Amino acid sequence: MAVETRASAFQTAQQRFDAAADVIGLSDDARSGLRDIKRELTVHFPVHMDDGSVRVFTGWRVQHNISRGPAKGGIRYHPDVTLDLVKALAMLMTWKCAAVGLPYGGSKGAVACDPMKLSKSELEHLTRRYATEIAILLGPEKDIPAPDMGTNPQVMAWIMDTISMHAGHSVTASVTGKPVDVGGSEGRVDAPGRGATYLTLEALKYLHVDDETPTMAVQGYGQVGRSTARLLSEAGLCVVAVSDSRGGVYNPKGLDLASLEEHRQVRGGVGGFKKAENISNADLLELPVTVLVPAAVQDQITVENAGRIRARLITEGANAAVTPEADPILHDRGIFVVPDIIANAGGVIVSYFEWVQDLQAFFWEEEEINTKLHHVITRAFYEILHTSVNKRIDMRLAAYVLAVQRVANATLVRGIYP
Ligand code: NAD
């Protein structure tokens, strides 16, 4: 059996870029500017803890590319985060924004910390100091953060307030994913799951899946997984399995999502739900379903299990859930993958709408946001699909080819200053 040798996250990101650059036939000069990071800032900063002690935290803000517009990217709070990972995620944001046609570059930020172990006041102090440390890079025309793993609308509100205090006036467009009360957008919370839903329905149409009731399994019943399950179930799919970090539940006849949600609220997880049998996260991935939605963490579908996946379609809700080595196995087996770069792009698309609404101080209703999201993400899906069919490459490589070409065009036409 083939064994995967693990490259670092940033090396993997560069490999994906190289593959797209090869298809395009990009010159060495053009590659050199895109293959590396434009700016990376590391900050070490002290925070007063509740017990009176002072603890020093490390954080980063990385901008990969800003040729097409201000940098855009989330902020992650997680104990295992590294500069290498932040660089990889910043590069992914450049391609994600370009793949769906947003006028943004790509960035990412992070603080190495476990937010679950911090009190609310410690989290606020950490956030405000981190925002101050990286403020030199931020602003509506420069770099606009958003939530990612471990951060949420409250954290975004604190960052917006901190930047506003420095400016002396409210700068609502400095951050997206804020609460609606402070310039957030309707529809933002569901946006990644709604985008994944629209694309799953388009892919089922394209694949001519005529199952009377297509079935689906969702790994990771968090923000993205829950929205996707709920919206696809409303669209007529039957959700047979879901999981969280402690394991999953399976009922081949379908899960009652309303009572599952009540159970989850009480128990803090999906495990032990009475109207289903327990299933491991590994077994969930190999269920005979029409649609599989990995919406938890990276590296879930690998060379080890790609040969046993039985889904017809994978909608990759989580970033990098499929490893580069597993991609060709799935492709050869005729399993259609809607890759992360577009599958979860609903989040950044509605973030873009939020930024536009803040800049013009004119807010849209949720129906308008959802209609615009549908338009932008479906257009991107068919552009990628046509590239995939015409060039006989998989959907992920096709998305990268379109994205890299757009960023290369912008870089070329701008020229080199001075
Ligand atoms: P979340 O924290 O709300 O949910 C994650 C879920 O996965 C939880 O149910 C958790 O218990 C589960 N989980 C964690 N580790 C697991 C494991 N090893 N096996 C199975 N389940 C596990 O996070 P989220 O915001 O839903 O993000 C999920 C993925 O989607 C991440 O890769 C994230 O980067 C990506 N994403 C999120 C957004 C967004 O706006 N929330 C946007 C784009 C991409």
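A helix is here a DSSP run of H or I that spans at least four residues, and helices are numbered from the N terminus. The views below show a predicted model.

**View A. Gln-14 in helix α1.** Helix α1 covers residues 9-24, and Gln-14 is one of the residues within it. Is Gln-14 buried or exposed? Its relative accessibility is 10%; because buried means under 20%, Gln-14 counts as buried. The side chain of Gln-14 has a polar atom that lies 2.8 Å from the backbone oxygen of Arg-35.

**View B. The open sheet of 5 strands.** The strands follow the order β1-β2-β4-β3-β5, and their pairing is mixed. At the edges are β1 (39-48) and β5 (143-147), each of which pairs on one side only. Direction ignored, neighbouring strands of this sheet are turned by 20° against each other on average. Strands of a sheet pair through backbone hydrogen bonds, in either a parallel or an antiparallel manner.

**View C. Strand β3 and the two strands it pairs with, β4 and β5.** Strand β3 comprises residues 71-77. How many residues of β3 are buried? The count is 7 of its 7 residues, and the strand is thus described as mostly covered. Towards β5, strand β3 is joined by 5 bridges, and the two run parallel. On this side, Ala-71 stands opposite Asp-143 of β5. Strand β4 (residues 105-111) is likewise joined to β3 by 5 bridges, and this pair also runs parallel. Here Tyr-77 faces its counterpart Val-111 in β4.

**View D. The open sheet of 7 strands.** Its order is β9-β8-β7-β6-β10-β11-β12, with mixed pairing. Which strands form the edges? They are β9 (277-279) and β12 (336-338), and each pairs on one side only.

**View E. Strand β10 between β6 and β11.** Strand β10 consists of residues 291-294 and is joined by 4 bridges to strand β6 (residues 215-219), with the two running parallel. Met-216 has Val-291 of β10 as its bridge partner, and Ala-217 stands opposite Leu-292 of β10. Strand β10 also pairs with strand β11 (residues 313-315), in the parallel sense and over 2 bridges. In that pairing, Leu-292 has Ile-314 of β11 as its bridge partner. In a regular strand the side chains alternate between the two faces of the sheet. In β10, Val-291 and Val-293 point one way, whereas Leu-292 and Pro-294 point the other way. All of these residues are buried.

**View F. The second largest pocket.** The volume of this pocket is about 640 Å³. Which helices and strands supply at least two residues of the lining each? These are α2 (28-34), β2 (54-65) and α14 (395-414). The largest share of the lining, 6 residues, is supplied by α14. By residue type, the lining divides into 9 nonpolar, 9 polar and 4 charged residues.

Note on methods: Residues numbered from 1 in each chain as written. Predicted model: local features only at pLDDT ≥ 70, side-chain atom pairs only at ≥ 80, totals over all residues. Heavy atoms only, no water. Pairing = 2+ DSSP bridges. Axes fitted to C-alpha atoms, helices over the stretch in contact; angles between N-to-C directions. 1 Å grid on protein atoms, 1.4 Å probe; cavity = no way out; pocket = protein on both sides within 12 Å on 5 of 7 lines; lining within 4 Å. Points joined across faces, edges and corners; volume = space filled by probe spheres on them. Nonpolar A, V, L, I, M, F, W, Y, C, P; charged D, E, K, R; others polar. Buried < 20%, exposed > 50% of the residue type's maximum accessible area, 1.4 Å probe, protein only. Polar contact = N/O pair within 3.5 Å; in protein donor to acceptor, adjacent residues only side chain to side chain.
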